Amino acid sequence: MKTISFILNGKKTVVEVRDSETLLYALRERLGITSVKEGCEIGECGTCTVLIDDEPHYSCMTLASKANGSDVKTVEFLGTADLLHPLQEAFINSGAVQCGYCTPGMLLSAYSLLLKNKDPDTDDIREAISGNLCRCTGYIQIVEAIKDAAGLCKHNS
Amino acid sequence: MPVFIGQDVTRIDALDKVLGRAAFAYDLKTDDMLFACVVRSEKPHALIKKIETARALSMEGVAAVLTHIDIPGENSFGAIKKDQQFLAKDRVRYVGEPIAVVVGVNEEVARKASGFVRIEYEELQVISDPFVSMTSPVLIHDEGNLLSHRKVIKGDIEKGFNESDVIVENTYRTTWVDHAYMETEAGLGYMDDDGRIVVVSSTQNIHYKMKEISRMLAMPPERVRVIQATTGGGFGGKLDVTVEGFLALCVYHLKRTVVMRFTREESFLAQTKRHPLHIEYKTGARKDGSINAVRVNITGDTGPYISYGETVCLRAAVHATGPYEVPNVHVDSRMFYTNNPVAGAMRGFGVPQLAFAHESQLDKIAGILNMDPLDIRIKNALRRGSLTATSQALEHSAGLPETLKRIEPFWRSRERQNDRRGFGLGCMYYGIGNTGVSNPSDCYLTFMPEGRIALHSGVCEIGQGSDTVLMQILCESLAMDDEKIVLLRGDTDTSRDAGSSSASRQTYISGMAVCDAAQKMKKYLEKEGYYSGRPLTDICEAALGKGDAMFEGHFDPPTTPVDMETSRGAPYATYAFATHMTEVEVNEVTGACRVVKVHAAHDVGRAVNVKNVRGQICGGIAMGIGLALMEEFSPGKSKSLDDYYMPTSMDMPEVEAIIVEDREPTGPYGAKGVGEPALIPQAASIVNAIKDATGVEARELPCHIERLKLLLEARRQK
Amino acid sequence: MLPDFASIIAETKEEALSCLSSLERAKVIAGGTDLMVKMRSGERYDHIIDITNIRELDGIAVKDGVVVIGPVATHARLGSDAAIRENAPGLALACSLVGSPQIRNMGTIGGNIVNASPAADSIPPMLIHDAMLTLESKGSSRKVRLEDIIVAPYKTSINTRELLGPVEITSLKGYREGYFRVAKRATWAISRLSVAWAISEEEGTFKDVKLAIGSCTPMPFRAVKVEGLLRGEKRQPGIIAEAVRIALEEIKLISGIRPSFAYKLPVLRGILENVLGGE
């Protein structure tokens with residue numbers, strides 16, 4: 001076992017993990033973050049996406065011990081029911097959510113994009129979410145939502 | 001009073017989903033739960049000589065190893081016929097068939113122990129091809145290898161061809177496709193305080209599963225409760241019993257909470273797939289382009305168990321001509337058992353495969369007659385008053401001509417940006433609801449003590465948006481704001497059987513059931529003065545006091561069973577119609593086909609929620625691109641998402657969704673359905689666009705880069 | 001679920017080397033995008049040594065026309081790094097086509113090398129840049145050419161005590177350089193076929209041609225015969241056709257006839273014609 005210490009959604013977190021466990025497992029089983037999903041466990045679906053130092057990573061193929069000393073964000077970081085992030089608001093308003101299983105990971109990839117690119121075009125957005133599969137929406141309304149949110153973020157800042 | 005129908009009402013589940021707090025089945029797991037996993041057959045066809053469980057059972061942390069002998073009731077399930085064993089007793093018929101369930105303190109223990117359950121087999125000859133199955137002396141089931149043979153016969157087929165000026169004959173092939181919902185099958189089971197068995201799972205139908213569990217455990221259905229967890233996609237794959245039976249069996253024996261989750265590999269290996277079909281298609285047309293005769297011979301690989309094989313067999317036959325009025329029709333549709341994966345329900349029940357065939361045929365005929373592909377479709381389109389292939393007269397909503405008309409300006413003004421581009425059309429019709437059988441939906445409304453109204457719904461929300469749509473229908477019917485309504489959903493204890501979320505039926509059928517209940521309640525509310533200002537809280541209190549608490553809603557679409565010999569009849573109360581126009585760009589060097597733009601016009605009767613309808617259309621297009629260009633499940637080879645490709649965001653075209661509303665009088669506010677229609681014509685329109693771009697005709701799906709390149713090479717060498 | 005192992009996060013190269021020298025059944029992990037999948041499907045090690053924190057194994061530097069790439073530099077980094085884009089644009093492009101954004105944030109150039117997949121995107125461009133690897137073990141170090149290190153599909157001659165150090169590639173400024181790959185979907189897919197090239201021309205004559213092909217042979221390879229043939233030749237259809245013929249012959253010679261060649265060879269022909277023809 002190892003004790004790791006990292007920032008999880010803005011809060012310093014210390015947790016004991018097994019040497020051989022994934023960050024996905026640690027987040028779900030030890031820290032109760034069930035918004036991080038398990039869809040394939042081999043980095044081929046994107047539902048386990050988390051941000052490490054604001055860049056999207058597959059937590060299913062990241063050793064938990066790797067998170068030590070880093071900044072990890074899950075969808076809980078984005079907003080709350082009372083104060084939604086513009087991306088969350090746009091996902092709701094644009095019909096970007098169907099079954100919802102890919103949604104947390106998708107939002108995180110989008111969030112990371114908007115940190116780097118305030119004014120992404122359709123191709124930028126498609127590329128940014130190309131590591132997150134969605135079987136329901138055909139991505140169209142997701143792309144629209146991200147574009148709307150980018151506009152909203154710019155307007156707010 | 002606000003209007004609800006036709007509005008972009010926000011999905012009621014969206015907030016929880018964007019916050020990441022929607023509880024999918026596996027999210028409900030806690031540390032004290034046991035984990036169960038399945039030991040599966042490694043042989044495609046074999047007798048089971050011995051199941052050795054002692055070693056697994058002796059391992060630390062293992063709570064139970066259950067086999068067929070532990071099933072107290074009937075060891076069988078099946079949506080159409082009960083031909084599949086929960087746990088195989090003496091014979092297995094496909095790789096992945098469940099044999100035992102191992103329960104351990106956690107996933108690691110259970111999975112490890114499952115490796116120590118030893119099965120002794122005596123291998124039997126394997127049948128992996130329906131054409132071998134057809135004549136093989138090896139029988140997969142005692143009754144023979146033919147599961148089903150359905151026919152559609154109309155007019156005089158010989159005369160039809162004799163009187164045709166052009167005859168086109170081709171063979172089309174499709175392969176297995178996986179549902180590949182992002183959430184694999186999962187659930188948990190527990191015993192409640194009254195000793196009842198409760199299963200919470202990712203599912204498309206709760207009442208069906210309750211009944212199967214009750215038969216398996218020899219318990220009355222009221223001793224079983226099934227609850228739908230938030231479900232991460234269905235597409236037909238969560239209609240059959242997946243984890244539910246195992247969970248119930250574990251709880252029955254252990255009286256503890258047990259959780260299950262299939263790995264992606266397990267889901268790929270063991271769950272149902274889209275039927276691979278071999279379609280021999282002959283079309284006869286007159287010089288003016290009118291289709292005069294259609295002869296189709298469909299041979300399907302249904303795998304070793306029925307699942308929805310009979311349904312696909314019949315639905316494929318009934319829809320084989322496509323959405324066109326054809327006077328002379330002869331269709332033979334046959335499904336054979338094999339030792340391949342079980343083929344079951346998947347979005348469209350065989351119709352997407354047939355659309356690929358009939359739309360290719362139509363373009364071929366148009367080409368020979370030098371007719372525009374749009375004109376030939378307009379000429380033959382089913383419309384109000386037309387007779388379908390089953391001789392059903394279309395009396396009401398039949399908006400195919402309107403979808404064609406809405407596509408027409410884009411079609412007529414199409415221009416190739418470069419010589420690698422091409423355009424293709426695809427049309428479809430699709431019967432809403434189950435085929436020629438009663439498929440009712442029931443619901444009820446009650447007053448709540450806190451002064452609100454409760455909609456008790458057994459409809460499974462699988463991501464398509466049914467919860468929101470039913471709420472919109474109820475709000476509209478009662479002229480009441482949604483704040484005054486509570487949705488109690490997806491729980492057999494608090495709802496009636498609404499049937500499965502499949503066959504594009506929930507908006508239409510359960511929507512009507514909600515209308516029915518609402519009308520009854522509305523009368524009551526009128527009488528009680530709600531619409532003249534009396535507060536709902538008052539009415540609720542009084543009604544509960546008097547015991548006037550329940551208003552039932554029911555709808556069963558008016559259909560007739562189809563004739564066993566000819567399929568004559570009215571198998572569906574209403575049909576959806578659509579036309580897709582697709583632009584592609586083909587890279588002749590690599591064989592890669594990129595879908596550039598899709599115009600999709602859908603007659604949905606009435607769009608209850610425009611954003612949802614558009615979402616269905618875009619999602620259907622994605623799945624259609626997968627079907628056309630990349631998705632290919634190879635038994636034994638396709639293990640997970642690393643070797644089974646489905647479209648990413650970068651494979652998607654620009655989409656223009658066009659909604660046509662030819663209102664259906666028997667539907668809620670005129671609505672029909674759109675879930676499957678969205679997918680059906682897409683692959684067909686891509687194949688036709690590839691032909692337009694390159695001149696090559698794809699007769700086998702998926703037309704992935706290699707297949708397309710080989711076709712291009714063959715054309716070059718010609 | 002992964003098999004059990006002990007993990008060590010090495011903070012210095014010395015620490016990593018000493019672990020490698022003293023521990024049995026030890027394996028280095030960086031991005032983990034290949035190794036984690038292999039371990040999940042049963043590959044077992046007793047010790048996993050994480051080297052991503054080792055500063056000196058990261059980073060990209062240019063000196064005298066040689067680009068030195070730290071083995072734990074990620075694909076995302078290589079895809080966007082100014083020095084790589086300037087000195088090896090084909091490599092930058094190849095790295096930006098690896099997997100998905102997440103994979104590119106995790107996977108490293110060193111990992112791509114030691115995994116030695118026939119379909120590795122970064123390898124053909126590194127071959128045309130004459131990549132030279134440094135392999136270090138406790139107390140010793142050796143330099144090896146990339147093409148000499150891969151001995152079979154997914155197999156290298158790096159021994160279990162060795163650690164991959166910096167990767168050196170030569171700049172090909174002034175060359176027309178590129179990378180093209182074919183895959184079964186628009187992105188996030190294994191390359192079915194890939195070509196990396198760098199061509200220098202003067203007045204319609206090939207001064208120098210460097211060409212590497214991936215996914216056709218057990219290891220991506222430099223088409224040196226083709227390079228030799230074209231050097232000094234005028235760019236015209238006849239010689240290009242001959243070059244293509246030789247390339248295909250060489251592949252058949254290395255791999256024998258494979259069923260996949262019915263697809264791959266015609267595609268390769270088309271790509272090479274375009275590349276050499278200057279399209």
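Guide: A residue is called buried when its relative accessible area is under 20%, exposed when it is over 50%, and partly exposed in between, using a 1.4 Å probe and protein chains only. The model is predicted, so that local features need pLDDT of at least 70 and side-chain atom pairs count only at pLDDT 80 or more, whereas totals for chains, interfaces and linings use all residues. Residues are numbered from 1 along each chain as its sequence is written, chains are lettered from A and ligands numbered from 1 in the order in which they are written, and side-chain values use heavy atoms, with hydrogens and water left out.

Side chains of opposite charge can pair when their charged atoms come close. With a salt bridge taken as a side-chain nitrogen of Lys or Arg within 4 Å of a carboxyl oxygen of Asp or Glu, the count over all chains is 98.

In chain C, E136(C) pairs with K13(C), the closest N and O atoms being 2.9 Å apart. E136(C) belongs to strand β6 (residues 132-137) and K13(C) to helix α1 (residues 13-22), so the bridge ties together parts of chain C that are 123 residues apart in sequence. Helices (H or I, at least four residues) and strands (E, at least two) are DSSP runs numbered from the N terminus. E136(C) is buried, at 12% relative accessible area, and K13(C) is buried with a value of 12%. The domain assignment of chain C, whose bounds come from an automatic or database source, gives domain 1 (6-50), domain 2 (56-170) and domain 3 (191-277). Taken over C-alpha atoms, the centres of domain 1 and domain 3 of chain C are 38 Å apart.

A further bridge in chain C joins R181(C) and D121(C), at 2.9 Å from N to O. Here R181(C) sits in strand β11 (residues 176-183), while D121(C) sits in the loop between α7 (109-115) and α8 (123-128) of chain C, 60 residues apart. R181(C) is buried at 13% relative accessibility, and D121(C) is buried at 7%. Salt bridges with shared partners also build one network from E38(A), E41(A), R40(B), E107(B), R111(B), R261(B), E265(B), E266(B) and R40(C).

Most residues other than glycine have a negative phi, and most peptide bonds are trans. E41(A) lies in the loop between α1 and β3 (49-52) of chain A and is buried, with a relative accessibility of 13%.

In chain B, the side chains of R11(B) and E461(B) meet in a salt bridge of 3.3 Å, N to O. This pair links distant parts of the chain, 450 residues apart: R11(B) is in the segment before α1, and E461(B) is in the loop between β18 (453-457) and α13 (466-478) of chain B. R11(B) is buried at 7% relative accessibility, as E461(B) is at 5%. T10(B) lies in the segment before α1 (14-18) of chain B and is partly exposed, at 39%. With contact meaning heavy atoms within 4.5 Å, T10(B) touches I92(A), N93(A) and T468(B), residues up to four places away in sequence not being counted.

The contact of chain A and chain B takes 48 residues from chain A and 58 residues from chain B. The two chains bury about 4000 Å² between them, 56% of it on carbon and sulfur atoms; buried area is the accessible area (1.4 Å probe) that two parts lose on being put together, summed over both. Across this interface the rule finds eight salt bridges. R135(A) and E631(B) also form a salt bridge, at 2.7 Å from N to O. On the side of chain A that touches chain B, the elements that give two or more residues are α1 (23-30), α2 (86-93), α3 (103-116), α4 (122-128) and α5 (140-156). Of these, α2(A) gives the most, with four residues.
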